[in-house]
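Trainee: I am new to this structure and would like to learn how to read it. Could we go through it feature by feature?

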Amino acid sequence: MLAKDLITEAILPLRTSTSGEDAMQLMRDAVVRHLPIVNNTQFLGLISEDDLLAGDLDQPVGNYTLTIPKPFVNAKDHLVEVLRVIGQSRLTLIPVLNDAGDYLGVITQEDILTHLARATSLAENGSILILEVNRRDYSPSEITRIIEGEDGIILMMYLSSEPQSEIMEVTLKLHAPSMSRIVSSLERFKYKVKASYQESDYSETLKDNYDALMHYLNV
């Protein structure tokens, strides 16, 4: 998934002549704390709610001092890069530019969350398995082989670890006829199974939570 595929049509950019008061109202309506300022197709910068509150709301946004550098992503950037930029900058949205530097639109936090929720199989039922492995021993191909050997199907694999730690936590979402057989097989290969949750134990709760998230994002 590329940045150009995540652009929302719901948020229009500000012009330099837009008043601070109007910009503030647009932020409230869109439930964001940042908006881009654009002159034709030229991206001039990102104004924040704090910038507006520090200035005179009767003045046009072109007169404001912008405290945020000009953050943006390229239309061809992958979702991973979009996540990195928006996360590091602590933004509620990120402008998207093409190779010529022309403004194309914005991607919001909600756009990204919606895509991740759908793309990572959160809407599907499945069992959860959490492993602890040493970084140097981590082998996704071996884990996959063991699970598929017990008729399991991996829907999602997610890695996490503490900074400077040699221990990684591997979270897997599976379709599995027997979690106990998969756990036993992994333990035979010296994998530490930190936790496992059978699909029937929580699938309805997961589905309800997913539906609630989608309802919230569509409000």
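Mentor: Start with a pair of strands: β6 and β9 run antiparallel and are joined by five bridges. Keep in mind that this is a predicted model.

Trainee: Which residue of β9 is the bridge partner of Leu131?

Mentor: The partner of Leu131 in β9 is Val193. In general, the strands of a sheet pair through backbone hydrogen bonds, and the pairing is either parallel or antiparallel.

Trainee: In what order do the four strands of the open sheet stand?

Mentor: The order is β7-β8-β6-β9, with antiparallel pairing. β7 and β9 (192–197) are at the edges and have a single partner strand each, so one side of each lacks a neighbour in the sheet. On average, neighbouring strands here are turned by 20° against each other, direction ignored.

Trainee: Which helices lie across these strands?

Mentor: α5 lies across β6, β7 and β8 and runs at about 145° to β7. α6 lies across β6, β8 and β9, at about 5° to β6.

Trainee: Which residues of α5 are buried?

Mentor: In α5 (residues 140–149), Ile143, Ile146 and Ile147 are buried. Seen down the helix axis, the buried residues of α5 fall within an arc of 95°, so they line one face. They pack against β6 (127–134), β7 (153–160), β8 (167–175) and α6 (179–188).

Trainee: What does the face of α5 turned away from the buried side carry?

Mentor: That face carries the exposed residues Ser141 and Gly149. Just after α5 comes Asp151, with a positive phi of about 65°.

Trainee: How many aromatic pairs does the structure hold?

Mentor: The structure holds one. The ring centres of Phe43 and Tyr103 are 6.5 Å apart and the planes are at 25°, so this pair is stacked. Planes under 30 degrees apart count as stacked. The pair links distant parts of the chain, with Phe43 in strand β2 and Tyr103 in strand β5 (residues 103–108), 60 residues apart.

Trainee: Are Phe43 and Tyr103 buried or exposed?

Mentor: Both Phe43 and Tyr103 are buried.

Trainee: Where does Ser48 lie?

Mentor: Ser48 lies in strand β2 (residues 42–48). Its relative accessible area is 6%, so Ser48 is buried; the cut-off for buried is under 20%. A polar atom of the Ser48 side chain lies 3.1 Å from the backbone nitrogen of Asp51. Leaving aside neighbours within four places in sequence, Ser48 is in contact with Met27, Arg33, His34, Thr67 and Ile68.

Technical notes
Residues numbered from 1 in each chain as written. Predicted model: local features only at pLDDT ≥ 70, side-chain atom pairs only at ≥ 80, totals over all residues. Heavy atoms only, no water. Helix = DSSP H or I, 4+ residues; strand = E, 2+ residues; numbered from the N terminus. Buried < 20%, exposed > 50% of the residue type's maximum accessible area, 1.4 Å probe, protein only. Polar contact = N/O pair within 3.5 Å; in protein donor to acceptor, adjacent residues only side chain to side chain. Contact = heavy atoms within 4.5 Å. Arc of directions from axis to C-beta. Phe/Tyr/Trp six-rings, centres within 6.5 Å; stacked < 30°, edge-to-face > 60°. Pairing = 2+ DSSP bridges. Axes fitted to C-alpha atoms, helices over the stretch in contact; angles between N-to-C directions.
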